[in-house]
Structure formats: C-alpha cells, structure tokens
Amino acid sequence: MYKILFFILLIICLISQTVSAQYTLNLTIGYPAPTYLYDWNNSRAGLMTVIVNTDKPPTYTVKFRTQLQNSDGGIIATSNNAAATIYTLHTGANTFSLDKVLQFENLQFTDGTVVNSIQTSGKLPAGNYQICVSLLNSLTGTELIKVPVCRPFVQASYQLPYLLSPADKTWLDANAAQSVITFRWSSIVPQSKEQVIYRLQVFEVMEGQQPMQSLRSNQPILDIEVRNTTQYFWRPQLCLKDSIGHIFIWTVQTLDSKGVPINSIDEITQGRSEPRVFGVCNKLKHDKEDPGEDCAAGRKL
C-alpha cells in the first residue's frame, strides 16, 4: 500500500516538474526604462519571451500575472487576473512587448504618490523598481512556472544643469554685451537616451525689484528652446550702452522630448536650474569703495 502511494506521489511530482519545465520565461528591460508608461510598447524598451519547450504543452492559452514593486519589495500595483488578456502560445519562442507584460490598463495601484504622478504626467516617479511576472493557465489560473521572473528597472532622476556663464553676480561691459552675450551651462547627469530641450529664460530686474521677484512676476525678455547644445549666443535688442546699468536673472529649464520637465531630485523646481544674476554696465568701477557697487550708475548686484 505504501509502495503504491509512493509511486503515485512520485508520478505527480514528475508531472509537476515536467509542466514547469515546458515553459521558460525570459524578461529584459532597457536602462533606463522608458519614462512614459505608454512608451513601454517600444521594442527598445525591452522584451519578454515565453519559450514552449515541448510539442504538446498542457495548455496553449495563458495569462500574465504582474506585480510592480518598489526597491524595498513593497507592492505598488498588482494585475487583476480575472481581467487579464489571454494569449495563445505556439511551440518555440513567443515574444511580447513590455506593455503587454506591464498591463497598465489592468494594474490595480496601492500607492497614492505613484497614482498621482501617473495621472498628472503619465510617468512613474523617479526611483528604483522591480517588475515580477508569473505565467498562468488561462482556464484554471494555476502557475505554469514555479517562481515568478523578476527584473529591476530604473526611472532615472537627473541632476539639473549648472549655469556657467555669465557667472553669478558679475558685471559685463556694455560695449561687448551689446553685440553678444554668451550663455553656457552643463549637461544633465546622467545623459538621457532621448533628446532633451533646454529652455533658456532671461528676465530683467527692474529698479526696486529683487532678482527672484522679477523671475516670478516679470515677462522674460528672452525665452528660447535650445537643442543639441549647451550654449546660446544672444544678440540683445536692448540699449545696453546707457549709463544706468542693467541687471538680469537667468535660468535654464530642462524638458524631455515631449516638452515636459524631466525628473529631478527636487520635483518642485519643474526642471529649472538654480538661477544666476548678472549685470551690464557702460561704465564699470575699477576703484570702487563698495564691493557691491560695480557700476558707475550705482546699481548693485
């Protein structure tokens, strides 16, 4: 009797191992992962391949069960098995784009911050994540592989450009500035796979204004998008050779290829680098007594 039970259990075990061995799931995700969730259908984002290793698998129709986890293993979202799409497999390799794996329309989110980010921008917040996928029998819901396949991916957070020139709190000679003012800044770090847009904005600080006040309330006198370079030559249509002295504040907003601010460490900045202030004066003081009074007209930076 015990021998019969032993052989029955052994047969069940072998069948279970055979079923598991009939399917192999491979998952690759590019680095960094696509910023927008709807771009996960691009083959460059990565692929999932389900390999059927036998001519007679127990089922040809399957579902994917997906979990989205944060870097600590906490579950952010889980797919609804009942509503998951059914796929028919054939012997050999079956390839799926990552949007089929992610099942964005079928994910049930549990993290309010993530939901808010997706609703407002279509993107996951910057950070480290993991996607785990199981293969299910579409009829019974049983797992066809023993252990879910998990792969980490990154939603990159970028260091914004540093504004280099004109340097902060420096005066430019009006004769040179009237012809051209050269703006230079560093690139974002790390470099993006996609083209980024640098939006250069310059504001004039009026008499009685603080620089940040003019940045928030004045209309920019220069507002231009720059691509494929980190410098811009501005030929100002202003009279800068008077003796009054002009003060400006400038900043660069970094946008992605769709014109949306990139993910940065401080999301409140909306992709804007820390601004810099400079002045233009026709008569600079070289023997000034007041270190803050560089212009003969008496304006201070």
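These are my notebook entries on a predicted model.

**Ground rules**

I number residues from 1 along each chain as its sequence is written. Since I'm reading a predicted model, local features need pLDDT of at least 70 and side-chain atom pairs count only at pLDDT 80 or more, while totals for chains, interfaces and linings use all residues, and side-chain values use heavy atoms, with hydrogens and water left out.

**Entry 1: the pocket**

I looked up the largest pocket and got a volume of about 480 Å³. A pocket here is an open set of points on a 1 Å grid over the protein atoms alone, where a 1.4 Å probe fits and protein lies on both sides within 12 Å along at least five of seven lines. Its volume is the space filled by probe spheres set on the points, which are joined across faces, edges and corners.

Which residues lie nearest the centre of the largest pocket? I found Pro 32, Pro 34, Thr 35, Lys 193 and Glu 194, out of 22 lining residues. Lining residues have an atom within 4 Å of a point. I sorted the lining into 8 nonpolar, 8 polar and 6 charged residues. Ala, Val, Leu, Ile, Met, Phe, Trp, Tyr, Cys and Pro count as nonpolar, Asp, Glu, Lys and Arg as charged, and the others, Gly among them, as polar.

**Entry 2: ring pairs**

Next I went after aromatic rings. Rings of Phe, Tyr and Trp (its six-membered ring) pair if their centres lie within 6.5 Å; planes under 30 degrees apart are stacked, over 60 edge-to-face, and the rest tilted. The count is 13 aromatic pairs.

I checked Trp 40 and Phe 153: their ring centres are 5.1 Å apart and the planes sit at 80°, so I wrote down edge-to-face. Trp 40 is in the loop between β1 (23-29) and β2 (46-52) and Phe 153 is in strand β9 (residues 149-155), so this pair ties together parts 113 residues apart in sequence. Strands are DSSP runs (E, at least two residues), numbered from the N terminus. Trp 40 and Phe 153 are buried, where buried means under 20% relative accessible area, exposed over 50%, and partly exposed in between (1.4 Å probe, protein chains only).

Phe 64 belongs to strand β3 (residues 61-70) and Phe 96 to strand β6 (residues 92-97), so the pair joins parts 32 residues apart in sequence. Both of these Phe residues are buried.

I also noted a cluster linked by ring pairs: Phe 183, Trp 234, Phe 248, Trp 250 and Phe 278.

**Entry 3: strands**

Two strands pair if DSSP finds at least two bridges between them. I traced an open sheet of 3 strands, antiparallel, in the order β1-β2-β6.

I counted 7 bridges between β1 and β2, and found Thr 24 opposite Ile 51 in β2.

Is strand β8 (residues 127-137) largely enclosed or open? 8 of its 11 residues are buried, so the rest of the structure largely encloses it. 9 bridges join β8 to β3, antiparallel, and Phe 64 has Leu 135 in β8 as its bridge partner. β8 also pairs with β9, antiparallel, over 7 bridges.

Definitions and conventions
Helices (H or I, at least four residues) and strands (E, at least two) are DSSP runs, numbered from the N terminus.
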